[in-house]
Each structure stands twice: as structure tokens, then as C-alpha cells.
Amino acid sequence: MEAPEHPLEIFNTSGLELPFQDSEAAFLLDQISDQHGVAFSFVEIVFVDEQEIVRINEEYLKRDYITDIISFRYDDNATNLEIEGTLYCCSPRIKEQASEFSQSIKREFLRIIVHGLLHLTGYEDGSTKEKKEMTRLEDHFLSLL
């Protein structure tokens, strides 16, 4: 009997080498799933360049700027038992942020992945209180690696 496929797929069209292993991202997804009682049925993480993140931001969110991540959730399951989504991550921006925040490039890439996965589970970061909670959760999940 074959083991079930992992729900996470990673694509890199950014032209930059990714500084982490796919298994590390899969581990983080599994930890979020286990600790928050949610289930991911399909998540793709797509690493793109600055032009592509601006195009996506303009087309879907009507915003004209570079951002580190844009999360899209596709399922309509409010119970969080079959989460499907795509995380578009801007590799050059993430690399810049690592320097700005005095973090390793690997840690910043993984932090962005956790951030996006938390968005897919329903967390928001629009207010100062929500941002603090997201940062706390990001730090918690990164500490498990």
C-alpha cells in the first residue's frame, strides 16, 4: 500500500535558489495542522520574481506594489478540514527582508511560509494585535525546526 501524498507542492520560478528543504516546509505545514486542528488537502507554494508578484497583486488585489507574500484560499470549507490554497512568495523581497530584519535568509523564507499557512487557516494581520499574534505563532513554529 502506497503512503498518501503530502498536500504540499513547491514551485520556484523566481530564478533564485531556495535556501530550505521541501521537507522543512512540509514539517511546518504538518505542525500547523496538528497544533491547530486543521487539515490541508492541497497547498502550493510558488516562488516568483518581483514583476510577477506585482502582476498578481494588481490583478487580484488592485494593489500596485511588491509584497513578500500573497495567500489565496480556494476551498469553501469553513471548518478548516480541507484547506486548499496557493501562497505566492516573492523571493527577492524575502531575501531583502532577511537583511532588513537581521535574520538568516533561510529563516525568513520559512517565516513567510508559516505566515502564509496561518493566513490559510484564518489568521489575519490587519491590526497591531493580530500582527503580534501572527509573529508569536511564526516564532513558535520556527522554534520547532
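**View 1. Helix 1 and helix 4 cross in a right-handed sense.** Right-handed here means that the near helix is turned clockwise from the far one by less than a right angle. This is a predicted model, in which local features need pLDDT of at least 70 and side-chain atom pairs count only at pLDDT 80 or more, while totals for chains, interfaces and linings use all residues. Residues are numbered from 1 along each chain as its sequence is written, and side-chain values use heavy atoms, with hydrogens and water left out. The axes of helix 1 (residues 22-36) and helix 4 (residues 105-120) come within 10 Å and cross at roughly 35° (axes are lines fitted to C-alpha atoms, for helices over the stretch in contact, with angles from 0 to 180 degrees between N-to-C directions; helices, H or I of at least four residues, and strands, E of at least two, are DSSP runs numbered from the N terminus).

**View 2. Residues from both helices make the contact between helix 1 and helix 4.** Helix 1 contributes Glu24, Ala25, Leu28, Leu29, Ile32 and His36, and helix 4 contributes Lys106, Leu110, Ile113, Val114, Leu117 and Leu118, where contact means heavy atoms within 4.5 Å.

**View 3. Four strands form an open sheet with mixed pairing, in the order 1-2-4-3.** Strands pair if DSSP finds at least two bridges between them. Strand 1 (8-12) and strand 3 (69-73) stand at the edges with a single partner strand each, so one side of each is left without a neighbour in the sheet.

**View 4. Strand 2 (residues 40-48) and strand 4 (residues 83-90) run parallel and are joined by eight bridges.** Within strand 4, Cys90 stands opposite Val48.
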